Each structure stands twice: as C-alpha cells, then as structure tokens.
Amino acid sequence: MNPPVLHLHWLWLLLGCAGIQALLAVDFIFVPLNFSLPYEDKFYHALAHALPAAWFFMLYRRRFERRALLVAFLLLALFGELLQPLSPYHTFDVWDIFANLAGIGLGWKLAHSRIGTVLERFDHFLASSFKA
C-alpha cells in the first residue's frame with residue numbers, strides 16, 4: 001500500500017528543514033536559559049527532537065523511509081549532544097541524550113497515531129481549496 005501523495009510536499013519539506021535548522025540553532029548557537037524547575041531543560045530537549053521527528057515521520061510514510069529517518073534522527077540526537085562541548089555555551093550531559101531519544105520516540109508514536117494523518121489531511125484541504 002502506497003501512502004497518499006502530498007500535493008504540497010515541497011512546502012512541507014521546507015518547513016521540516018526549517019525545524020531541523022531551529023533544532024541545530026538551539027543545540028549550538030543559542031545561549032542556554034536558566035530554568036526554574038528541576039529537569040525542565042530535559043522537557044525542552046525532548047520537545048525539540050519530537051517536533052521535527054514527528055513532522056518528517058508524517059511527511060515520509062513508507063516503512064523504509066521512516067526507518068531511515070529514525071536512524072538519521074538518532075544520529076542527530078547522539079552527535080548533536082556529543083558535539084555540544086565545542087560550543088562555548090553548552091556542555092555535555094548524558095541525560096540530555098536520553099531526553100533527545102525520548103523526544104524521537106514520542107515523535108515516532110505521534111506519527112503512528114491518529115495525529116499522524118494531520119499533515120496529509122491539511123495538505124488535501126489546502127490543495128482542494130486553492131484549485132482553479
């Protein structure tokens with residue numbers, strides 16, 4: 001079974017790439033914030049990885065595509081954290097890796113739930129709304 005074709009695939013891919021860019025900016029560029037709650041930064045690590053992962057898992061629905069994306073996101077989470085000490089503002093924390101992995105797992109679960117069809121439905125809505 002082939003997944004439905006997205007009419008605005010280029011737009012969704014562009015937005016997904018912007019999400020990856022934002023994730024990398026947070027990982028390496030932005031100055032860390034002071035959090036008021038314990039482990040609050042772990043929540044943000046998970047969220048920062050869950051959103052782009054879920055987006056790309058919704059964008060690419062074939063099994064081999066999702067597995068390739070899963071490997072890519074796992075490598076991004078691992079190497080992103082391992083390379084953070086090269087930034088003057090960040091330090092390595094093994095618990096951040098676990099938070100990143102939890103976020104990817106959450107993105108995977110969201111894409112395999114009913115929420116996983118939101119992008120497809122929105123794409124078809126936009127495509128049908130703007131047809132000539």
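I began with the contacts of α3: its buried residues pack against α1 (9-28), α2 (40-59) and α4 (94-111). I took contact to mean heavy atoms within 4.5 Å. Buried means under 20% relative accessible area, exposed over 50%, and partly exposed in between (1.4 Å probe, protein chains only). Helices are DSSP runs (H or I, at least four residues), numbered from the N terminus.

I noted that the model is predicted, that local features need pLDDT of at least 70 and side-chain atom pairs pLDDT 80 or more, and that totals for chains, interfaces and linings use all residues. Residues are numbered from 1 along each chain as its sequence is written, and side-chain values use heavy atoms, with hydrogens and water left out.

**Helix α3**

I looked up the length of α3 (residues 63-82): its 20 residues reach 29 Å from first C-alpha to last, close to the 28 Å expected. The expected span is 1.5 Å times one less than the number of residues. I then listed the buried residues of α3: Glu65, Arg66, Leu69, Phe73, Ala77, Gly80 and Glu81. They lie on the same side of α3, because they cover an arc of only 115 degrees around the axis. The arc is that of the directions from the helix axis to the C-beta atoms. On the face turned away from this buried side I found the exposed residues Phe64 and Arg67.

**Helix α4**

I recorded that Asp96, Ile97, Ala99, Asn100, Gly103, Ile104, Gly107 and Ala111 are buried in α4. Seen down the axis, they fall within an arc of 165 degrees, so they line one face of the helix. Their cover includes α2 and α3. The opposite face of α4, turned away from the buried side, carries the exposed residues Trp95 and Lys109.

**Aromatic pairs**

I searched the whole structure and found eight aromatic pairs. Rings of Phe, Tyr and Trp (its six-membered ring) pair if their centres lie within 6.5 Å; planes under 30 degrees apart count as stacked, over 60 as edge-to-face and the rest as tilted. One of the pairs is phenylalanine 57 with phenylalanine 73, edge-to-face at 5.9 Å centre to centre and 65 degrees between the planes. This pair links helix α2 to helix α3, with its members 16 residues apart. Phenylalanine 57 is buried at 0% relative accessible area, and phenylalanine 73 is buried at 5%.

I also noted phenylalanine 122 and phenylalanine 125, which are stacked at 6.4 Å and 25 degrees. Both lie in helix α5 (residues 118-129), three residues apart.

Key
Helices (H or I, at least four residues) and strands (E, at least two) are DSSP runs, numbered from the N terminus.
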